[in-house]
Every structure is written in C-alpha cells, then in structure tokens.
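Please look over the sequence and the structure shown here before reading on.

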Amino acid sequence: MTFNELNIAEPILRAVREKGYTHPTPIQEQAIPVVQRGDDIFGIAQTGTGKTAAFAIPILQTLWDEKNSQPRQPAAAEGQAADDEAPRRKDRRGRSHSRDTGTRAIRALILTPTRELALQIDECFADYGKYTGLHHTAIFGGVKQGPQVEKLRRGVDILIATPGRLHDLIGQGTVRLAGLTHLVLDEADRMLDMGFIADIRRLLPLLPRQRQTLFFSATMPATIVALSRSILHHPVRVEVAPESSTVDTVDQSIYFVEKQQKKGLLVSVLKQEAGKSVLVFSRTKHGADSISRVLEKAGIHSAAIHGNKSQGQRQRALSDFKSGKVKVMVATDIAARGIDIKELQMVINYDLPDVVETYVHRIGRTGRAGNAGTALTFCSQDDHLMVRDIRKLVGKQINTVLHQAQ
Ligand code: AMP
C-alpha cells in the first residue's frame with residue numbers, strides 16, 4: 001500500500017512525500033483509515049513504529065477538511081476560546097462542537113509523558129502540517145511558561161502537552177478545551193510509570209464528551225486497560241507486534257568500556273574493519289556530529305545524518321553511503337529510520353537506545369538476506385541495566401568483550 005491509497009488530502013500528502021516517506025508503516029496502514037472514519041482507537045505500539053504520523057496525519061486531515069468546508073468566523077477578542085455557550089455547528093461526522101471564536105479554539109490535544117516526546121510530536125505536526133495553515137504548539141514543564149502562554153494566546157488548533165504543565169495552564173485559564181474534538185493519549189504506560197494517571201483522570205471531566213479519542217500504549221497492564229475502558233467509546237484495536245528477535249546471521253558483541261574511551265574504541269574498531277560499511281548509532285544529533293568530527297580527525301571519512309540536517313544533506317549522505325563512496329555513517333535513530341542498505345556489514349551502537357526494542361531494530365539492518373553481519377554495542381557504567389534487558393529480550397548468545405584502554 002502507498003500513501004496515495006490512504007485518501008489523504010493533497011497538502012498533507014505533499015508534506016509526507018517531502019519527508020521521503022513512500023509507504024505507510026503497518027501502524028499507519030491500520031490506524032489512518034480508522035481515524036479518518038471517526039472511530040476511537042485502542043493502539044498497542046511503541047515509539048519507532050511510525051505511531052506519531054499514524055495519529056498526526058489523519059488529525060491534520062480532519063482539521064484541514066473542516067477548515068476548508070466551513071467559513072472561518074470573524075476574529076473576536078484576543079485569548080477568547082470556545083466555550084459551551086458559544087454557537088455550535090456540526091462537523092463532518094455530524095458531531096457538534098463550539099465555533100472557533102476569535103483566536104482558534106484548541107481542537108486536538110495530544111498528551112504525552114515527556115518534554116522530549118512533546119517536542120518530537122510537535123515537530124511531526126510541523127512537518128506533516130506545513131501546507132495546511134493549522135497552528136500547533138507544545139507545552140511542558142521545566143521551562144518558563146511565558147513563551148508558551150504567548151503562543152497559546154495567538155491561538156493553536158493542535159496542542160501537544162505534558163500533563164503537569166497542561167493542568168497549570170488550565171488552572172490559569174490560558175488553556176481552554178471546550179472546543180476539543182480529538183484527544184490522543186500517547187505512551188499511556190509511561191504516563192502510568194511517571195505518576196500521571198491521576199492528572200489524566202482529573203482532566204477528563206474538563207473535556208467535551210463528544211470527541212474522538214486515540215489511546216496508544218506499548219504495553220497494556222491492567223491499570224491501563226481499565227483507564228482505556230473509561231475513556232474510549234467502542235474503540236477499534238490496532239496493534240503492531242514489537243520486534244523481539246534478532247537474526248542468527250548477526251554476530252552480536254557487547255564491549256564494556258569507560259564512557260571517555262568510547263571514541264578511541266570506535267576509531268580503533270573502524271581502522272581494524274576498514275573497507276566495511278558501518279552504521280554507527282548515536283543517541284543525540286549533537287553526539288552524531290561530535291563522533292563524525294573525531295573520526296574525521298582520525299582520518300576516517302564519515303557522514304552524519306540527523307534531524308538538524310536538511311533533507312538535501314541527508315539524501316546526499318545516504319546516497320554516498322549506499323554507493324560505497326562513504327563507508328561510515330553516523331546516525332540518530334530517528335534519522336536512520338527508513339534507511340535500507342542492502343549490504344550493511346556492521347552496526348555499532350555507540351550509545352544504547354532508549355527502548356530495548358530499538359536495539360533489535362537497529363541491528364536488524366545488518367545480516368540481511370543471508371549475508372553475515374556484525375553488531376557491536378558499547379556499554380558504559382550507566383548502561384548495565386539496559387544491557388540486561390537487551391539480553392533478556394534477545395535471548396541469544398551475545399559475546400562480551402572487556403575493553404581496556406591502551
Ligand atoms: P515514531 O514511531 O512516530 O516515533 O516514528 C519513528 C520515525 O519513523 C520518525 O523518525 C518518523 O519520521 C519515521 N517515519 C514515520 N512514518 C514513516 C514512513 N511511513 N516511512 C518512513 N519513515 C517514517
């Protein structure tokens with residue numbers, strides 16, 4: 001299936017094409033038509049599956065359709081949001097909601113546990129919605145609220161929020177949700193772990209009952225299932241199985257190494273393996289650049305790809321890597337998604353991933369089609385717990401190497 005077959009409005013399709021996506025991921029294929037139909041979703045999927053686009057694309061689409069099928073209301077007083085007394089109209093699915101009085105009313109709320117996720121989701125709405133004229137912003141704690149309040153005052157259609165800051169701003173009257181038509185609960189199990197469930201329960205009575213709710217969680221412990229039952233209305237279940245097995249053609253090793261010695265170890269491994277095509281994973285964009293600089297100094301030509309590079313730069317780096325012109329590519333997980341290199345010989349986890357399943361996903365890029373592949377993972381003091389989880393998940397032999405500084 002291609003994106004063209006998913007009945008997505010042209011401005012969104014164009015933006016998706018520009019991102020370089022050609023085919024929807026399995027969760028997108030399942031969820032997009034359900035959201036377009038207006039049904040609730042009970043989704044089992046983790047980060048890395050394309051889950052964000054699975055809800056962002058159809059929400060943008062619905063809001064864009066509404067914007068284009070209804071004349072906009074004349075502007076009213078600054079900061080005034082829709083409330084229950086505002087005139088009501090019917091949307092495409094016959095649902096009634098408040099009129100967009102004055103500045104835009106918040107129509108979609110995406111609740112997510114962490115600031116990083118909030119920013120990442122906001123970036124997705126920016127990317128996929130860039131030709132829709134819809135406004136969005138992210139609010140989260142740990143930073144001054146002034147700039148966030150300012151953006152809210154100017155009006156947003158889509159709000160991405162962590163629960164604590166959302167409650168603060170609702171309490172201050174800056175966020176009003178009476179015009180809401182879409183609610184997304186992202187990473188519900190992580191919200192539970194982080195103690196946000198009470199905040200969510202407190203929020204629910206403040207939302208219009210007539211709304212579409214999309215509920216995503218990587219795991220479904222009993223508390224989460226109970227919560228979903230109290231929130232969802234005849235939901236459609238969508239699910240993508242987490243990757244949990246690695247292929248036997250990949251030889252996996254873990255190098256125990258001091259953090260400060262990782263760069264030296266990387267240089268020596270790459271020199272030993274010169275000529276092989278190697279994909280190096282860094283946790284951050286900044287880290288990827290810094291690794292690439294160290295390699296350059298050591299005479300190893302590499303390309304770095306991450307979210308701060310332009311689409312053109314990424315594509316160039318990728319084609320140089322695929323053609324073998326550049327042998328080493330340093331990438332973040334996000335940027336590396338969608339990279340499909342047929343004969344990748346080695347993957348190096350310079351940093352461990354945040355979620356265990358990502359390990360499987362990363363190393364699955366080598367050892368394809370019966371070719372032999374090697375996966376090396378650098379593990380420093382802080383990573384021991386994650387390595388234990390990886391061993392548990394993979395359940396196969398992983399060699400251990402103790403790296404001593406020369
Ligand atoms: P997520 O699971 O939403 O965090 O998405 C993980 C990564 O997959 C993000 O970097 C997206 O840009 C990328 N992605 C999402 N959908 C697609 C797609 N259909 N094709 C290629 N990459 C995608």
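## A buried loop residue

T162 is buried, with a relative accessible area of 7%. Buried means under 20% relative accessible area, exposed means over 50%, and partly exposed lies in between, using a 1.4 Å probe and protein chains only. T162 sits in the loop that runs between β6 (158-161) and α6 (163-171). Helices (H or I, at least four residues) and strands (E, at least two) are DSSP runs, numbered from the N terminus.

Which residues is T162 in contact with, leaving aside its neighbours within four places in sequence? They are L111, T112, P113, T114, R115, A118, I139, F140 and G141. Contact means heavy atoms within 4.5 Å.

## The model and the chain

This is a predicted model, in which local features need pLDDT of at least 70 and side-chain atom pairs count only at pLDDT 80 or more, while totals for chains, interfaces and linings use all residues. Residues are numbered from 1 along each chain as its sequence is written, and side-chain values use heavy atoms, with hydrogens and water left out.

The protein chain contains 15 helices and 16 strands. It has 406 residues, of which 53% count as buried. Among contacts in the protein chain with a separation of 6 or more, 75% are between residues 24 or more positions apart.

## The sheet that contains β1 and β7

An open sheet is built from 7 strands in the order β5-β6-β4-β7-β8-β1-β9, and the pairing is parallel. Its edge strands, which each pair on one side only, are β5 (136-139) and β9. On average, neighbouring strands of this sheet are turned by 15° against each other, direction ignored. Two strands pair if DSSP finds at least two bridges between them. Strands of a sheet pair through backbone hydrogen bonds, either parallel or antiparallel.

Strand β1 (residues 41-44) pairs in the parallel sense with strand β8 (residues 212-217) over 4 bridges, and G43 has F216 in β8 as its bridge partner. β1 is also joined by 4 bridges to strand β9 (residues 236-239), again running parallel; here the partner of F42 is R237 in β9. In β1, I41 and G43 point one way, F42 and I44 point the other way, and all are buried. In a regular strand the side chains alternate between the two faces of the sheet.

Strand β7 (residues 182-185) shows H182 and V184 pointing one way and L183 and L185 the other way, and all are buried. β7 pairs in the parallel sense with strand β4 (residues 108-111) over 4 bridges, where L109 has L183 in β7 as its bridge partner. Another 4 bridges join β7 to β8, and these strands run parallel. H182 has Q212 in β8 as its bridge partner.

## Helices α1 and α3

α3 lies across β4, β6, β7 and β8, running at about 175° to β7. Helix α1 (residues 10-18) and helix α3 (residues 51-69) pack at an angle of about 150°, with their axes 9 Å apart. Axes are lines fitted to C-alpha atoms, for helices over the stretch in contact, and angles run from 0 to 180 degrees between N-to-C directions. α1 and α3 are therefore roughly antiparallel to each other. Angles under 35 degrees count as roughly parallel, over 145 as roughly antiparallel, 65 to 115 as roughly perpendicular and the rest as oblique.

In this packing, P11, I12 and V16 in α1 meet I57, L60, Q61 and W64 in α3. The residues of the contact of α1 with α3 divide into 6 nonpolar, 1 polar and no charged. Ala, Val, Leu, Ile, Met, Phe, Trp, Tyr, Cys and Pro count as nonpolar, Asp, Glu, Lys and Arg as charged, and the others, Gly among them, as polar.

The buried residues of α1 are P11, I12, L13, A15 and V16. Their cover includes α3 and α4 (115-128). Just after α1, G20 takes a positive phi of about 90°.

Strand β14 (residues 346-349) is joined to strand β15 (residues 373-379) by 4 bridges, and the two run parallel. M346 stands opposite T374 in β15.
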